[in-house]
Amino acid sequence: MNTVIVLLDAPEPWQIGFQDSATPGFEGIVALHDSILFYLVLILVSVFWILFAIINNFNSTKSGITYKYLNHGTLLELIWTITPALVLIAIAFPSFKLLYTLDEVIDPSLTIKVTGHQWYWSYEYSDMLAENGESIEFESYMVPESDLEEGQLRLLAVDSNLIVPVNTHIRFIVTSTDVIHDFAVPSLGLKIDATPGRLNQTSALIERAGIFYGQCSEICGVWHGFMPIVVEAVEVSDFFAWVDSN
Amino acid sequence: MSADAKAQEQPVKRVLQTVGFDARFPNQNQTKHCFQSYIDYHKCINAKGEDFAPCKQFSRAYKSLCPNDWISRFDEQREAGTFPASLEP
Ligand SMILES: [Cu+2]
């Protein structure tokens with residue numbers, strides 16, 4: 001397949017922010033992060049305000065009014081107990097809402113089986129079995145540094161991308177054959193353990209074509225850092241063309 | 001225009017379909033969904049025969065969900081009589 005590759009969806013050196021989102025799931029995660037960050041800034045400012053106020057007003061040379069005989073304050077204790085509880089509730093509710101929303105896989109149109117191995121990923125598509133009943137199966141290895149071509153990303157490029165259609169509800173069934181790995185693609189909001197003997201389910205609705213990079217995210221042995229994931233989202237017609245060519 | 005060329009111009013209708021949500025398996029853990037579908041398929045064909053069309057539903061389910069490695073392992077166990085579940089209808 002001739003695809004023009006534009007590296008818009010790759011991580012950058014020293015990147016601090018998120019990668020651009022490509023699924024509603026990841027948009028929800030970013031929104032939750034941002035709203036939690038509001039409380040984080042609020043707490044940070046108030047704690048440091050009090051800290052610096054105390055240091056400033058009650059140092060060895062300067063002693064303001066000290067409440068020498070005040071050792072109990074019911075109102076104050078109520079405030080500093082109930083306020084953190086309210087903050088925790090305000091964080092927990094949107095968090096659970098998002099968690100359970102992401103967990104739903106209601107009406108998928110495509111199932112892709114993802115298997116982690118030491119140290120590569122393999123993929124199986126068995127929904128559209130060929131005449132002889134064979135499913136599409138392939139392994140995906142990192143391209144070693146010596147084989148990199150112009151424009152390929154070191155430690156991220158693989159020899160065969162995971163080709164998926166855009167605007168399609170995709171179910172991923174994730175498992176492993178040896179130790180625990182973790183299938184993670186930040187732009188798609190995916191991060192799920194690949195556990196031997198267990199099938200974990202997650203889903204993604206990719207809203208734009210692109211190439212999305214991810215890495216194994218559960219320490220799995222010496223080459224843990226060298227089993228990247230590349231998801232290539234293409235138009236549905238291109239996806240079928242790819243299916244036919246396999 | 002020949003019929004052949006006409007057929008080529010018509011876009012081929014393709015279906016993107018997979019096993020749907022099953023209320024028995026609402027969890028992230030779908031291991032049982034695969035295993036139970038495999039059992040259901042073999043119970044179904046043992047009762048109604050290989051060609052009974054409704055059994056196809058179960059085979060599509062287990063083929064979509066079970067890793068191919070697992071399927072061949074299940075098949076081997078079935079042939080050796082060591083499959084850990086009853087497949088009697
Ligand atoms: Cu790993």
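Between chain A and chain B, 16 residue pairs are in polar contact, counting pairs with both residues at pLDDT 80 or more. Please keep in mind that this is a predicted model.

**The interface between chains A and B**

- On the chain A side, 31 residues are in contact with 22 residues of chain B.
- Putting the two chains together buries about 2,200 Å², and carbon and sulfur atoms give 52% of that area.
- Within chain A, the residues that lose the most area to chain B are Leu199(A), Gln201(A) and Phe240(A), which together make up 25% of what that side buries.
- Four elements of chain A each supply at least two residues of the side that touches chain B: strand S1 (110-117), strand S5 (169-176), strand S8 (200-205) and helix H3 (236-244).
- H3(A) gives the largest share of that side, with four residues.
- Sorted by class, the side of chain A that touches chain B has 13 nonpolar residues, 10 polar ones and eight charged ones.

**Annotated transmembrane stretches in chain A**

- An unreviewed UniProt entry annotates residues 36-55 and 75-96 of chain A as "transmembrane region".
- In the model, residues 36-55 of chain A are 100% helix and 0% strand, with the end C-alpha atoms 29 Å apart.
- Residues 75-96 of chain A are likewise 100% helix and 0% strand, and here the end C-alpha atoms are 31 Å apart.

**Disulfides**

- Over all chains, the count comes to two disulfides.
- One of them joins Cys34(B) to Cys66(B), with an S to S distance of 2.1 Å.
- The torsion about the S-S bond of Cys34(B) and Cys66(B) is about 110°, so this disulfide is right-handed.
- The bond links distant parts of chain B, with its two cysteines 32 residues apart. Cys34(B) sits in helix H2 (residues 31-48), while Cys66(B) is in the loop between helix H3 (56-65) and helix H4 (68-80) of that chain.

- Six salt bridges are counted over all chains.
- In one of the salt bridges, the side chains of Asp9(A) and Arg208(A) meet at 3.0 Å, N to O.
- This pair also links distant parts of its chain, at 199 residues apart. Asp9(A) belongs to the segment before H1 of chain A, and Arg208(A) to the loop between S8 and strand S9 (210-215) of chain A.
- Ser21(A) also lies in the segment before helix H1 (24-57) of chain A, and its side chain reaches the backbone oxygen of Thr23(A) at 3.1 Å.
- Leaving aside neighbours within four places in sequence, Ser21(A) is in contact with Phe26(A), Glu27(A), Ser187(A) and Arg208(A). Arg208(A) is therefore a partner of Asp9(A) by salt bridge, given the 4 Å limit between nitrogen and oxygen, and it is a contact of Ser21(A) too.

**Backbone details to check in your viewer**

- A cis peptide bond, with omega about 0°, joins Gln118(A) and Trp119(A).
- Trp119(A) is placed in the loop between S1 and strand S2 (120-125) of chain A.
- Trp14(A), a residue of the segment before H1 of chain A, has a phi near 60°, a positive value in a residue other than glycine.

How values were computed:
Residues are numbered from 1 along each chain as its sequence is written. Chains are lettered from A and ligands numbered from 1 in the order in which they are written. This is a predicted model: local features need pLDDT of at least 70, side-chain atom pairs count only at pLDDT 80 or more; totals for chains, interfaces and linings use all residues. Side-chain values use heavy atoms; hydrogens and water are left out. UniProt positions are given in the numbering used here, feature names are shortened, and annotations may be inferred rather than shown by experiment. Contact means heavy atoms within 4.5 Å. Buried area is the accessible area (1.4 Å probe) that two parts lose on being put together, summed over both. A polar contact is a pair of N or O atoms within 3.5 Å; within protein, one must be able to donate a hydrogen and the other to accept it, and residues adjacent in sequence count only if both atoms are side-chain atoms. Ala, Val, Leu, Ile, Met, Phe, Trp, Tyr, Cys and Pro count as nonpolar, Asp, Glu, Lys and Arg as charged, and the others, Gly among them, as polar. A disulfide is a pair of cysteine sulfur atoms within 2.5 Å.
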